[in-house]
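Colleague: Please take one part of this model and go through it closely. I would like the surroundings of the first ligand, then how that part sits in the rest of the chain.

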Amino acid sequence: MRNSGYFKDLYVGGKSLIIGLGVTLRTCFLPQVTVHYPREKLEITPNYRGHVELVKDPETGGSRCIVCGMCARACPSGCFTVKGEKKEGEKKKTLTVFKLDFTKCSLCGTCVETCPKGAIRYSMDYNIAGFTREEFHYDLIKRLEEKG
Ligand code: SF4
Ligand code: SF4
């Protein structure tokens with residue numbers, strides 16, 4: 001003859017199953033709050049802080065950066081490599097290298113606040129993934145050109 005513990009377990013298991021199915025059934029009729037990512041995407045909040053990116057100058061189509069290097073000096077994590085060169089006949093430097101090591105970035109915002117030209121901002125890129133650290137070393141000039 002089976003002991004009373006067996007019937008108790010059977011009762012508890014059955015009750016738990018019915019409660020669980022009840023929750024599932026109720027949820028089936030609730031409004032959907034999720035999306036079928038990545039086929040569907042939600043609109044990102046304007047306050048989102050993605051990795052830092054260069055801002056396009058609407059007049060020149062290039063970067064607004066004047067190669068002052070303030071962002072690189074202000075960054076507490078040494079994320080930036082910024083270089084420029086003065087071309088013949090030009091008074092100002094032209095930006096030639098602007099790289100960000102996003103693996104070190106804490107998104108503190110110091111660089112964005114420091115830039116005197118508003119040449120950098122937070123991107124809205126949240127869809128970033130990679131298998132190596134090098135994939136998070138961004139060439140921001142290239143990214144600016146790719147964005148069109
Ligand atoms: S957000 Fe902060 S840590 Fe990231 S690159 Fe800018 S200054 Fe450096
Ligand atoms: S602070 Fe602004 S203008 Fe100066 S190098 Fe950095 S991005 Fe360019």
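Modeller: pLDDT is the predictor's confidence in each residue, from 0 to 100. This is a predicted model, and the protein averages a pLDDT of 93. Of the residues, 99% score at least 70. Confidence is highest in α2, at 98. It is lowest in α1, at a mean of 94.

Now the ligand 1 site. The residues around ligand 1 include Val-52, Ser-77, Leu-107 and Gly-109. Cysteines are there too: Cys-75, Cys-79, Cys-105, Cys-108 and Cys-111. Pro-76, Ser-106 and Thr-110 complete the list. By class, the shell around ligand 1 holds eight nonpolar residues, four polar and no charged.

Take Pro-76 from that shell. Pro-76 sits in the loop between α2 and β2 (80–86). Is it buried or exposed? Pro-76 counts as exposed, because it has 11 C-beta neighbours inside 10 Å, and the cut-off for exposed is 12 or fewer. Leaving out residues up to four places away in sequence, Pro-76 touches Cys-108 and Thr-110. Both of these residues are also around ligand 1.

Val-67 is found between β1 (52–54) and α2 (70–74). Val-67 counts as buried because it has 20 C-beta neighbours inside 10 Å; the threshold is 20 or more. Beyond its neighbours within four places in sequence, Val-67 is in contact with Val-82, Gly-84, Lys-93 and Leu-95. Phe-80 is 13 residues from Val-67 along the chain, and their C-alpha atoms are separated by 12 Å.

Ligand 2 has 13 residues around it. Cys-65, Cys-68, Met-70, Cys-71 and Cys-115 come nearest. The shell around ligand 2 has 10 nonpolar residues, two polar and one charged.

Last, the wider chain. The domain assignment gives domain 1 (1–33) and domain 2 (52–146). Their centres, taken over C-alpha atoms, are separated by 56 Å. Helix α1 covers residues 4–28. At 1.5 Å a residue, its 25 residues should span 36 Å, and its end C-alpha atoms are 36 Å apart, so the two values agree. α1 is hardly covered: the count of buried residues in it is zero.

Methods. Residues numbered from 1 in each chain as written. Chains lettered and ligands numbered in written order. Predicted model: local features only at pLDDT ≥ 70, side-chain atom pairs only at ≥ 80, totals over all residues. Near = placed C-beta within 6 Å. Nonpolar A, V, L, I, M, F, W, Y, C, P; charged D, E, K, R; others polar. Helix = DSSP H or I, 4+ residues; strand = E, 2+ residues; numbered from the N terminus. Expected span 1.5 Å × (residues − 1). Contact = placed C-beta atoms within 7 Å. Domains from an automatic or database assignment.
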